[in-house]
Amino acid sequence: GLEGGAKNQFSTFSNFITTINQKKEGIGNRNSPTQLVIPNIKNVRDLPPICLDVRQKQRMSIDTLPQELKAPFPPEPSLPTRTKTVKDFQDDVEKSKASGDWKAVHYFYSTTFDSFLEINAAFKKDTSSPFNTVEDSGIDAKFVNVVYDALLNTPQDVQKSVLKGIINGLLQEWTGPRTKDDLRAYCILLQNPQFSNTSTYVIYAHLLRQIAALTEADHHFLVHWSKKISQKRFKQVVDRLLQFISLRLFPAKPEEFPPMVKCTWWIPSATKVLALFNAANSLISPPIISYTDFYNSTLDHIDLMEEYHNWQCYGNSHRFSFCQYPFIISIAAKKVIIQRDSEQQMISIARQSLVDKVSRRQKPDMNMLFLNVKVRRTHLVSDSLDELARKRADLKKKLKVTFVGEAGLDMGGLTKEWFLLLIRQIFHPDYGMFTYHKDSHCHWFSSFKCDNYSEFRLVGALMGLAVYNSITLDIRFPPCCYKKLLSPPIVPCDHNTLVGICDVTLNDLFQIMPELAHGLSELLSYEGNVEEDFYSTFQVFQEEFGVIKSYNLKPNGDKISVTNHNRKEYVQLYVDFLLNKSIYKQFAAFYYGFHSVCASYALLLLRPEEVEILVCGSPELDMSALQRSTQYEGYQKNDLTIRYFWDVVLGFSLDLQKKLLHFATGSDRVPVGGMADLNFKISKSETSTNWLPVAHTCFNQLCLPPYKNKKELKQKLIIGISNAEGFGLE
């Protein structure tokens, strides 16, 4: 990158900043960085485009843009004629390396990057074609990649000439709307690897500022063009933007940057440009890179609750908050926000209960500060349903569980077991609420009609309580379930509004019923006569309690044949029926149960995949990571008993490792933060080695007697973890 000479070159850019700012002020606020819009909490449906609901941008096409965004294409200025090819350029570079004479290469770089017109002249596939569509940017990606790959290996004066040229382009006086050639230049400049160096950040910031200030229609083109960038280059641009944000927040050398008060727009501009790439990533299935690649772990170290409160309190004002762009916030950081928001709600509800008692001159009772659930093991589901129905007003208090006839005190362990046993019973096939699909290894809602859907509401409330009380559950729902759970993320005030209905596709059905989805996929690709060969109508047949019932997918569907022409509509209606309409009442009850506990604006920050991780944790066990983070009490990590223990555990099957985790912590799932978040502890038990190990699940603590050999430890440990249900007091 740019070292000594380059740093000195760019440390004197105060005049450059002043010049650009004067130009910005001279033409008003039109080109100032677009102030980032945050959702008006009073009307949560008005989500900002690109930010919280990128699906709005996914569905947008240039034909459906509002009239005011359909600006006529400005005439493209005629481009200079440039005939250099990739091969010519590569030959020039090789000659320069061999001879040490870089004049030809220097001339190419200094000319090419001198203006937006020159950038287009060099990198546009055909300078005579307009390339005014979202489908094709007209950029010769191979040539761009070759030129950038060679750039960092050229002498410093060559690299400086490129940056000087970029400055010239950014200083250009804009007198009207941007042309598509301008947008092409922005797209190419964003890929410049020089912007990984902090000495170029002043220039980079102004480039990002101009891109952030473009119109919605221009952003639409950039989003669609960006999705055509190769995965490697796409990831590099995203990483560069994330690094820019991180180093502006926590600079290693603050003197390298202007004072924060003079560049408050740096981070908002970079975040909005990053949002364009996030939108582009969401347009592709599968996405170009994982959604987790947009996480910025640096944000885990800022005041997240201040960000959250700014987002809540300032509505659509000009106050920036990272919560406007939740894709950049890691799941660990979102969990912190949700936990603290839950704690604040718990404290508020408990305080109100206390005030109500005192105002009625009643004696306060500590139990009033908790959601106390008392159940019998023999009537677990019915007792739990009754308790939660009776204490609906207390659902947002801290949960405490008591098993009738047992002396255990709930410091967290009883709560974990209550969840585990309840989920196990409710999801049992004999119970009939959910159907287990062996091919996909997941549960789905039974479509059988019934008079009372309160038990589905109970399951939803259980999931809400688990998130609210930071408990992970062993529930195997498909991703589609969590997408429906956030449709919408805030419960609508109008009870006639449909909930739990989302756009579903054949891919969603593949994740639940792969065999049926495969059959429908075959229908779509069938090359023969669908009507004559399949003889199907717009009708679905389902068995309910031994009786076959039929349902029309559309009015008079039983009289409409499926043909080659309408088969796509048939498949879409079929999938929608299975995943939305046939289970609407069941899922609506489930939805309201979840949100009765978990209602929070923090849910607006979450993707469906992140809700699943918060509810279920991760099923991937890394016992080596657990070994590294384990704390010891009475033992040292090199003691013989501890070495025996880890030799045995690391050699266990996955099933036994899960049993151990459940025995010691009350759950066999890994929390969001990984094994380290378990705070697992092994304590020395000063009892006879004839005793089995004991666990305090409230504290994720395993009490291990000092067994004399590995065989004895393994035998006692397997007996202990395989017979672990019920609680007692020592």
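Okay everyone, this is a quick walk through one chain, from its overall make-up down to a few single residues.

First, the ground rules. This is a predicted model, so local features need a pLDDT of at least 70 and side-chain atom pairs count only at pLDDT 80 or more, while totals for chains, interfaces and linings use all residues. Residues are numbered from 1 along each chain as its sequence is written, and side-chain values use heavy atoms, with hydrogens and water left out.

How confident is the predictor here? pLDDT is its confidence in each residue, from 0 to 100, and the chain averages 85, with 87% of the residues scoring at least 70. Helix H12, residues 231-249, comes out highest with a mean of 97, and helix H3, residues 54-59, lowest with 36.

Now the overall picture. Of the 730 residues, 52% are buried. Buried means under 20% relative accessible area, exposed means over 50%, and partly exposed is in between, with a 1.4 Å probe and protein chains only.

On to the inside. A nonpolar core is a set of buried Ala, Val, Leu, Ile, Met, Phe, Trp, Tyr and Cys residues joined through side-chain atoms within 4.5 Å. The largest one has 181 residues, and Trp 418 and Met 463 are among those with the most contacts inside it. Helix H13, residues 266-283, gives the most to this core, 11 residues. Apart from it lies another core of 28 residues, including Phe 652 and Leu 702.

Take Trp 418 for a moment. Contact means heavy atoms within 4.5 Å, and beyond four places in sequence Trp 418 touches Val 373, Phe 403 and Leu 462, among others.

Leu 462 brings us to helix H18. Which of the residues of H18 are buried? Leu 462 and Met 463 are among them, and in total 12 of the 15 residues are buried. H18 covers residues 454-468 and reaches 20 Å from its first C-alpha to its last, close to the 21 Å expected at 1.5 Å a residue; that expected span is 1.5 Å times one less than the number of residues. Just after H18, Ser 470 takes a positive phi of about 55°.

Strands E3 (434-437) and E4 (442-445) run antiparallel, joined by four bridges; for strands to pair, DSSP has to find at least two bridges between them. Thr 435 stands opposite Trp 444, and His 441 in the turn has a positive phi of about 55°.

Two cis peptide bonds to look up: Ser 285 to Pro 286, with omega about -5°, and Ser 487 to Pro 488, with omega near -5°.

Last stop, Cys 698. The unreviewed UniProt entry annotates Cys 698 as "active site", and such annotations may be inferred rather than shown by experiment. Where is Cys 698? In the loop between strand E9 (694-696) and strand E10 (701-704). Its relative accessible area is 25%, so Cys 698 counts as partly exposed. Asn 700 is found in the loop between E9 and E10 as well, but at 11% relative accessibility Asn 700 counts as buried.

Technical notes. pLDDT is the predictor's confidence in each residue, from 0 to 100. Helices (H or I, at least four residues) and strands (E, at least two) are DSSP runs, numbered from the N terminus.
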